[in-house]
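Welcome to this guided tour. Please open the model in your viewer and keep the selection tool at hand.

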Amino acid sequence: MKKVNLAGLTLTKLEDFFSSLGHKKFRAVQLIKWIHQEGELDFARMTNLSKALREELADNCEIRLPEIVTCEESQDGTKKWLVRVEGGSCIEMVYIPERERGTLCISSQVGCSLDCSFCATGKQGFHRDLTSAEIIGQLWLAADSFSQFSRKSARKISNVVMMGMGEPLMNFENVVDAMTLMLEDNAYGLSKRRVTLSTSGVVPQLDKLGDLIDVSLAISLHAANDELRNSLVPINKKYPIAKFISSAKSYLEKLPDNHRKVTVEYTLINKVNDRSHHAHELAALLRDLPCKINLIPFNEFNGSNYKKVTKTALNRFRDILIADGYTVTVRTTRGDDIAAACGQLAGDVNDRTKRQKRFKESLQEVQPVKLLESV
Ligand code: SAH
Ligand code: SF4
């Protein structure tokens with residue numbers, strides 16, 4: 001009989017599970033604390049459970065997580081892990097340390113089916129959805145690698161963003177379960193404002209999201225008219241900009257506190273969407289959406305003909321939006337010496353080996369850290 005994997009179960013699902021075995025519901029709290037607060041994966045060491053229960057769990061269940069294959073560290077402190085999930089595929093997970101916070105960027109799928117024209121993950125195609133255990137497992141692995149469970153080290157991961165590989169809303173239930181565990185006080189207890197879901201616009205799922213969970217929302221817009229967005233983000237042909245924005249607005253309206261804002265992500269690609277008229281068009285489009293705008297300089301990768309925005313075009317674009325009253329941040333390019341920047345994640349082991357060689361060579365030279373401005 002296949003053992004039940006308990007690693008990705010939310011508190012409610014775990015309570016149902018214990019009830020179905022004829023045990024008291026509070027066992028679920030004990031178990032979730034062992035896994036996600038103590039980092040304990042061996043039932044035998046869960047000492048506040050009776051010996052009989054520990055044996056029953058060991059016979060019928062398991063706590064199975066993905067595995068770290070390698071970890072690379074950038075000169076700017078960014079870390080990237082290659083993580084093997086069941087079946088042998090690999091995904092990538094990135095940690096970005098900043099003065100006030102530490103952000104873990106995690107993946108929701110192996111590859112992505114949405115095929116945005118500027119994204120390395122999209123170019124890779126879609127392999128499969130990650131299970132909730134594989135999604136929350138990434139946070140577990142990162143916390144473990146920082147000795148966060150043993151409390152030997154201060155809490156390093158304050159923020160989680162679903163901005164790694166995959167489109168989170170295309171793997172809806174597993175992503176919602178994993179984010180529920182991130183927020184759960186008996187698990188990671190992260191603040192709802194510090195857990196962010198980024199989507200390229202899967203509108204029907206976005207319409208349901210606010211009924212199930214309260215997390216921060218980022219929308220990957222990248223263009224302010226449908227013609228241009230169709231060519232960058234193909235899902236726009238199905239759910240055009242007006243529908244996407246109105247769905248994001250409804251999401252905000254469902255949240256209990258009314259000071260929340262959507263983050264609008266806009267990847268700037270040289271001469272594609274970075275002209276002054278694009279900025280004016282964006283400013284007009286977002287007029288009624290409570291939002292802040294995050295500009296992301298396009299990160300180049302092998303096989304893409306797009307070029308990075310120039311500094312002049314980036315500043316011009318930003319200034320037009322600021323003049324129009326928007327709060328604008330420019331995403332720092334972090335970890336690009338280890339291809340850990342946005343859109344460079346592809347989980348490719350061979351490519352990684354080549355890069356590591358290049359990275360070692362580059363250490364011989366003195367390289368300025370590429371920082372634009374912190375988000
Ligand atoms: N699928 C989700 C989340 C993962 S992508 C989404 O699309 O929102 C996370 C962010 O990185 C998105 O805003 C995406 O548009 C951006 N991105 C993808 N490829 C990029 C690249 N090559 N350079 C810069 N940003 C990129
Ligand atoms: Fe998928 Fe997001 Fe990449 Fe588009 S940008 S292909 S939705 S991961």
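Helices (H or I, at least four residues) and strands (E, at least two) are DSSP runs, numbered from the N terminus. With that in hand, a word on the model itself. This is a predicted model, in which local features need pLDDT of at least 70 and side-chain atom pairs count only at pLDDT 80 or more, while totals for chains, interfaces and linings use all residues. Residues are numbered from 1 along each chain as its sequence is written, chains are lettered from A and ligands numbered from 1 in the order in which they are written, and side-chain values use heavy atoms, with hydrogens and water left out.

**The whole protein**

Start by colouring by secondary structure: the protein has 12 helices and 14 strands. The accessible surface comes to about 16800 Å² (Shrake-Rupley method, 1.4 Å probe; for residues, only the protein chains shown count as cover). Carbon and sulfur atoms account for 50% of that surface. Of the 375 residues, 54% count as buried. Here buried means under 20% relative accessible area, exposed means over 50%, and partly exposed lies in between (1.4 Å probe, protein chains only).

How do residues meet across the sequence? A contact means heavy atoms within 4.5 Å. Among contacts between residues at least 6 apart in sequence, 66% join residues at least 24 apart.

**The core**

Next, select L31, M182, L286 and L295. Of the 110 residues in the largest nonpolar core, these four touch the most other members. A nonpolar core is a set of buried Ala, Val, Leu, Ile, Met, Phe, Trp, Tyr and Cys residues joined through side-chain atoms within 4.5 Å. Helix α5 (residues 132-145) gives the largest share of this core, eight residues. Domain 1 (4-62) and domain 2 (67-353) both contribute residues, so the core lies between them (the bounds come from an automatic or database domain assignment). In soluble globular proteins, nonpolar side chains tend to be buried together.

Zoom in on M182. Leaving out residues up to four places away in sequence, M182 touches I106, I136, L139, V160, M162, Y188, G189, L190 and V195.

Is L104 buried or exposed? At 0% relative accessibility, L104 counts as buried. Look for L104 in strand β6 (residues 102-105). Beyond four places in sequence, its contacts include W81, M93, Q138, L139 and V160. Try the distance tool here: the C-alpha atoms of L104 and M163, 59 residues apart along the chain, are separated by 9.2 Å.

Move on to R84, in strand β4 (residues 79-84). R84 counts as partly exposed, at 35% relative accessibility. Setting aside neighbours within four places in sequence, R84 is in contact with P66, E67, V69, S89 and C90.

**Stops in the loops**

Most residues other than glycine have a negative phi, and most peptide bonds are trans. H222 has a positive phi, near 65°. Find H222 in the loop between β11 (216-220) and α8 (226-232), where it is buried, with a relative accessible area of 4%.

K271 also has a positive phi, of about 65°, although it is not a glycine. K271 lies in the loop between β12 (262-268) and α10 (276-285) and is exposed, with a relative accessible area of 63%.

Now select F301, in the loop between β13 (291-297) and α11 (311-323). F301 is buried, with a relative accessible area of 15%. From F301 to A120 the C-alpha distance is 6.8 Å, although they are 181 residues apart in sequence.

Finish at D324, in the loop between α11 and β14 (328-330). D324 is partly exposed, at a relative accessible area of 33%, and touches A283 and R287, leaving aside neighbours within four places in sequence.
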